[in-house]
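Please keep the sequence and the 3D view at hand while reading.

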Amino acid sequence: FRYKWDSGFWSFLLHRITGLGLVVYLGLHIYSISNLRNPAAFDAEMELFARPPFKFGEMALFFAILFHSLNGIRIVLVDLTDAARYHKRLLWGAVVLGLVFFAYGVYKLFPTAVLS
């Protein structure tokens, strides 16, 4: 097998992985909010989700949402416009924009994780 392990491949692979991760998260989210009928169980879940490992999970979720959405916009531009010749520039632009959004989001959404 001859395959180029370049940025296009990694973009493709990470797009699929983040998509699957978001589907799994959606199922877990629906399951966790099903405890809304039982306030004590819901409060216990919220205490569990406030712990540091879950904060890192939230950051990973934020990264997955950012990458998947920005790469999806890039794919739409490449597929539906004449932007295929700029696909690598669009990818790196999406990566830079995603990193800026991620840094700002982590700073704003998770100040205790950043500052402590």
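A crossing of two helices is called left-handed if the near helix is turned anticlockwise from the far one by less than a right angle, and right-handed if it is turned clockwise. Helices (H or I, at least four residues) and strands (E, at least two) are DSSP runs, numbered from the N terminus.

The model is a predicted one, in which local features need pLDDT of at least 70 and side-chain atom pairs count only at pLDDT 80 or more, while totals for chains, interfaces and linings use all residues. Residues are numbered from 1 along each chain as its sequence is written, and side-chain values use heavy atoms, with hydrogens and water left out.

**The chain as a whole**

The secondary structure consists of 5 helices and 0 strands, which gives the pattern α-α-α-α-α along the sequence. The radius of gyration (taken over C-alpha atoms) is 18 Å, well over the 13 Å that the globule rule (2.2 Å times the number of residues to the power 0.38) gives for 116 residues, so the chain is more spread out than a compact globule. The C-alpha trace spans about 55 × 30 × 30 Å along its principal axes. Of the 116 residues, 23% count as buried, where buried means under 20% relative accessible area, exposed over 50% and partly exposed in between, with a 1.4 Å probe and protein chains only. Contact means heavy atoms within 4.5 Å, and among contacts between residues at least 6 apart in sequence, 66% join residues at least 24 apart.

**Two helix pairs**

Two packed helices are described by the angle between their axes and the distance between the axes. Here the axes are lines fitted to C-alpha atoms, for helices over the stretch in contact, and angles run from 0 to 180 degrees between N-to-C directions. Angles under 35 degrees count as roughly parallel, over 145 as roughly antiparallel, 65 to 115 as roughly perpendicular and the rest as oblique.

| Helix pair | Angle | Axis distance |
|---|---|---|
| helix 1 (residues 7-33) and helix 3 (residues 52-80) | roughly 130° | within 9 Å |
| helix 3 and helix 4 (residues 87-109) | about 155° | 9 Å |

With the axes of helix 1 and helix 3 crossing at roughly 130°, helix 1 is oblique to helix 3, and the crossing of this pair is left-handed. On the side of helix 1 the contact includes Ser11, Leu14, Leu22 and Tyr25, and on the side of helix 3 it includes Leu61, Phe63, Asn71 and Arg74. By class, this contact has 9 nonpolar, 7 polar and 1 charged residues, where Ala, Val, Leu, Ile, Met, Phe, Trp, Tyr, Cys and Pro count as nonpolar, Asp, Glu, Lys and Arg as charged, and the others, Gly among them, as polar.

Helix 3 and helix 4 pack at an angle of about 155°, which makes helix 3 roughly antiparallel to helix 4, and helix 3 passes helix 4 in a right-handed crossing. Residues of helix 3 including Phe62, Phe63, Asn71 and Arg74 meet residues of helix 4 including Leu90, Phe101 and Phe102. This contact has 15 nonpolar, 4 polar and 1 charged residues.

**Two residues of helix 3**

Leu61 is found in helix 3 and is buried, with a relative accessible area of 19%. Not counting residues up to four places away in sequence, Leu61 touches Leu22 and Tyr25. The C-alpha atoms of Leu61 and Ala44, 17 residues apart along the chain, are separated by 21 Å.

Phe62 is also placed in helix 3 and is buried, with a relative accessible area of 19%. Leaving out residues up to four places away in sequence, Phe62 touches Phe101, Phe102, Gly105, Val106 and Leu109. Although Phe62 and Phe102 are 40 residues apart along the chain, their C-alpha atoms are separated by 7.4 Å.
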